[in-house]
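Here is a short briefing on charge pairing, surface charge and a few selected contacts. Keep the structure open while reading.

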Amino acid sequence: MYPIIFFGIIILLSSFFIVKQQTAAIIERFGRFQSIRHSGLQLKIPIVDRIAGKLSLKIQQLDVIVETKTLDDVFVKLKVSVQYKVIREKVYDAFYKLDYPHDQITSYVFDVVRAEVPKMKLDDVFVKKDDIAIAVKAELNDAMMDYGYDIIKTLVTDIDPDAQVKAAMNRINASEREKVAAQYEGDAQRILIVEKAKAEAESKRLQGQGIADQRREIARGLEESVEVLNRVGINSQEASALIVVTQHYDTLQSLGEETNSNLILLPNAPQAGSNMLNDMVASFTASNQIGEAMKKAQEKKVINNK
């Protein structure tokens, strides 16, 4: 009696089962499709009905890595991420029409990528990766819709050329950047030279203007000095000579005030060199004559003393 009751309880409990949220359970009766059960507490006939399988209705992702060649004969690996889900109304098709959906999706991704990438150069692959993703999505949608799968989105998430190709691309990029840097540096130097030349020109202009102003004031001062001397009865020629002599002695006085000065004043007239040489020769001759006279006088004094 107890074994029968226990067996009955087991059968009763096995009649109930729970389907999780976003999941579909496929029920078969004697190996034949019976129904599709969704989330919640469900009931089946014990022994007669069985759960053939469950399908997730969540969005899933499949990453496919495809190696192919570009138009410029560069081998490259592309990582294509396919986001898909089972269509709720087509759970039957997804379960019974396709055994290995991952393999099916992978095959279509390989087919599309290897048809599109060889038409592009390597640089275009990076630029037009979205076009590749759109082409993969369009092909997969047409193929997988009949099997109960909806392709949500496809993304080309990685493009990995050969290591030597990446190194060459980095060298090209570095060379281009060095070229641009050299151009900027050359432009900066050119601007610096131009600005320096402008500054020097402005400095010379201001310096010339300053000298002109200085000479103008000197001339005005000399004019006023001559007018003052004229008032006391000194004519213009005498006044000019007096001013020149005064400036000469003022200059000598200012030089004499410098205790560490090593300056020697020499005449600067064209004939001054010859006159100075003659003066020096005359000075030496006079010195020799004086020396000889003093020597003779000394000798004569010595003789007289004896």
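**Charges and contacts**

Thr154 sits in strand β8, which spans residues 149–161. The model is predicted. The count of salt bridges comes to seven.

- Arg50 and Glu28 join their side chains in a salt bridge, at 3.0 Å from N to O.
- Arg50 belongs to strand β5 (residues 49–56) and Glu28 to strand β2 (residues 23–29), so this pair ties together parts 22 residues apart in sequence.
- Arg50 is partly exposed, at 45% relative accessibility.
- Glu28 has a relative accessible area of 8%, so it counts as buried.
- Arg29 and Asp49 also form a salt bridge through their side chains, at 2.6 Å from N to O.
- Here Arg29 is in strand β2 and Asp49 in strand β5, so the pair links parts that lie 20 residues apart in sequence.
- Arg29 is partly exposed, with a relative accessible area of 28%.
- Asp49 is buried, at 4% relative accessibility.

**A salt bridge at Lys129 and Asp130**

- The side chains of Asp130 and Lys129 meet in a salt bridge, with 3.6 Å from N to O.
- Asp130 has a relative accessible area of 48% and is partly exposed.
- Lys129 is partly exposed as well, its relative accessible area being 30%.

**Negative surface patch**

- Asp111, Glu139, Asp142 and Asp146 form a patch of negative charge on the surface.
- One of these residues, Asp142, is placed in helix α5, which covers residues 129–144.
- Is Asp142 buried or exposed? Asp142 counts as exposed because its relative accessibility is 61%, and the cut-off for exposed is over 50%.

- Thr154 is buried, with a relative accessible area of 5%.
- Which backbone oxygen does the side chain of Thr154 reach? That of Ala133, at 2.4 Å.
- Thr154 counts as buried because its 5% relative accessible area falls in the class set at under 20%.

**Arg88 in a loop**

- Arg88 is found in the loop between β7 (75–86) and α2 (91–96).
- Arg88 is partly exposed, at a relative accessible area of 42%.
- Arg88 and Asp150 are 62 residues apart along the chain, and their C-alpha atoms are separated by 9.9 Å.

How values were computed
Residues are numbered from 1 along each chain as its sequence is written. This is a predicted model: local features need pLDDT of at least 70, side-chain atom pairs count only at pLDDT 80 or more; totals for chains, interfaces and linings use all residues. Side-chain values use heavy atoms; hydrogens and water are left out. Patches are made of residues with over 30% relative accessible area and no salt bridge: like charges are joined within 9 Å, nonpolar side chains (Val, Leu, Ile, Met, Phe, Trp, Tyr) within 5 Å. Accessible areas come from the Shrake-Rupley method with a 1.4 Å probe; for residues, only the protein chains shown count as cover. A salt bridge is a side-chain nitrogen of Lys or Arg within 4 Å of a carboxyl oxygen of Asp or Glu. Lys and Arg count as positive and Asp and Glu as negative; His and the chain ends are not counted. The place of a charge is taken as NZ of Lys, CZ of Arg, CG of Asp or CD of Glu. Helices (H or I, at least four residues) and strands (E, at least two) are DSSP runs, numbered from the N terminus. Buried means under 20% relative accessible area, exposed over 50%, partly exposed in between (1.4 Å probe, protein chains only). A polar contact is a pair of N or O atoms within 3.5 Å; within protein, one must be able to donate a hydrogen and the other to accept it, and residues adjacent in sequence count only if both atoms are side-chain atoms.
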